[in-house]
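Thank you for coming. Please take a moment to look at the sequence and the structure before I start talking through them.

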Amino acid sequence: MADDIGPLYEPGVAHVRITAADAATAHRLADLIASRFPGTRPASVTTAADGLVEFALFTHTLEASPTHPYDD
């Protein structure tokens, strides 16, 4: 991961990895994160040798969406 740290030295940035059995499941989670944190960068997508789908994305947590169902 040392070669792929991207913007991790910026305050509020997180590197998120999603592993799922199928791309649709991984997309739903990535979309949920992106809807809460609009500064989320598009995910890089790979398929592992065992068939699992792996998403990796950077999200800017200081830029949260003001309306979110869990805020109430």
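What we have here is a predicted model, in which local features need pLDDT of at least 70 and side-chain atom pairs count only at pLDDT 80 or more, while totals for chains, interfaces and linings use all residues. Residues are numbered from 1 along each chain as its sequence is written, and side-chain values use heavy atoms, with hydrogens and water left out.

The chain comes to 1 helix and 3 strands, where helices (H or I, at least four residues) and strands (E, at least two) are DSSP runs numbered from the N terminus. Read from the N terminus on, the elements run β-α-β-β.

The 3 strands make an open sheet in the order β1-β3-β2, with antiparallel pairing; two strands are said to pair if DSSP finds at least two bridges between them. At the edges are β1 (13-20) and β2 (44-47), each of which pairs on one side only. From one strand to the next the twist averages 20°, with axes taken as lines fitted to C-alpha atoms, for helices over the stretch in contact, and angles running from 0 to 180 degrees between N-to-C directions.

How many bridges join β1 and β3? There are 8 of them, in the antiparallel sense, and β3 covers residues 53-60. To place this on the model, you can find V16 bridged to L57 of β3, and A20 bridged to V53 of β3.

Now to the helix: α1, residues 23-36, lies across β1 and β3 and runs at about 5° to β3.

Which residues build the largest nonpolar core? It has 7 residues, namely I18, A20, A26, A30, V53, F55 and L57, a nonpolar core being a set of buried Ala, Val, Leu, Ile, Met, Phe, Trp, Tyr and Cys residues joined through side-chain atoms within 4.5 Å. While β1, α1 and β3 each supply at least two residues of this core, β3 gives the most, with 3 residues.

Because 7 of the 8 residues of β3 are buried, this strand is largely enclosed by the rest of the structure; buried means under 20% relative accessible area, exposed over 50%, and partly exposed in between, with a 1.4 Å probe and protein chains only. Of the 72 residues of the chain, 26% count as buried.

Technical notes. Contact means heavy atoms within 4.5 Å.
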